[in-house]
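Hi,

Here is the structure I promised to pass on. Have a look at it first, and my notes follow below.

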Amino acid sequence: MDIDKVILGCKKGDRLSQKHLFDKYAQLFYAVSKRYTPISHDAMDNLHDGFIRIFEKIETFDPTRGNFEGWGRRVVINCALQKLKKKSRLNEIYPDQLYDSQIDEFDVVDKMNVDHLFLKIEQLPDGYKQVFCLYEIEGYSHKEIGEMLGIKEVSSRSNLSRSKKILKDLINFENNKYSSAMNTNTSH
């Protein structure tokens with residue numbers, strides 16, 4: 001079915017069109033939600049709330065300003081972030097720390113498989129994880145992230161830098177642990 005017709009049907013409140021839209025984007029939007037709320041039932045709640053908001057606000061979707069997928073992703077991300085703010089999880093974002101430009105190189109990540117990387121990202125404090133995902137995965141600018149999270153642009157840069165350092169340390173720790181185990185096994 002043509003997505004433009006589906007969206008038009010959704011704007012008219014047509015349930016079948018809403019079902020088609022949900023079926024087409026639910027898996028993608030669930031993956032987006034899961035990046036911000038790793039607990040499955042929280043991610044499903046965000047997906048549900050995101051689609052409710054999408055259907056309530058679909059009149060505001062303007063195809064001349066971007067595609068529906070991008071607009072819908074932003075709605076789902078905003079739902080997840082609003083819930084996190086309510087739970088005060090974003091309080092872990094540290095205020096106005098200096099941006100460390102030396103951490104920009106993150107070549108260790110290139111050597112990992114994606115699933116393993118996401119497991120490491122899940123270990124980040126929530127505030128760092130949100131900034132990392134919004135910047136590195138979703139492609140938002142530091143200015144946009146600052147507006148979304150209610151922090152200064154420099155805080156977004158700092159949190160990204162620190163999240164990369166934490167990830168690098170986690171990966172290096174794991175690699176060192178693996179190397180030590182290998183050396184122990186080969187010396188016997």
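Let me begin with the cysteines. Cys 10 counts as buried, at 3% relative accessibility (buried means under 20% relative accessible area, exposed over 50% and partly exposed in between, with a 1.4 Å probe and protein chains only). Cys 133 is buried too, with a relative accessible area of 1%. The structure holds zero disulfides, a disulfide being a pair of cysteine sulfur atoms within 2.5 Å.

A quick word on the basis: this is a predicted model, where local features need pLDDT of at least 70, side-chain atom pairs count only at pLDDT 80 or more, and totals for chains, interfaces and linings use all residues. Residues are numbered from 1 along each chain as its sequence is written, and side-chain values use heavy atoms, with hydrogens and water left out.

Now the rings. A search of the whole structure turns up nine aromatic pairs (rings of Phe, Tyr and Trp, the last by its six-membered ring, with centres within 6.5 Å; planes under 30 degrees apart are stacked, over 60 edge-to-face, the rest tilted). One of them is Phe 51 with Phe 55, a tilted pair at 5.8 Å centre to centre and 40 degrees between the planes. These two sit four residues apart in helix H3 (residues 40–57), so about one helical turn separates them; helices are DSSP runs (H or I, at least four residues), numbered from the N terminus. Phe 51 is buried at 3% relative accessible area, while Phe 55 is partly exposed at 23%.

Ring pairs also link Phe 22, Tyr 25, Phe 29, Phe 51, Phe 55, Phe 61, Phe 68 and Trp 71 into a cluster.

Cheers
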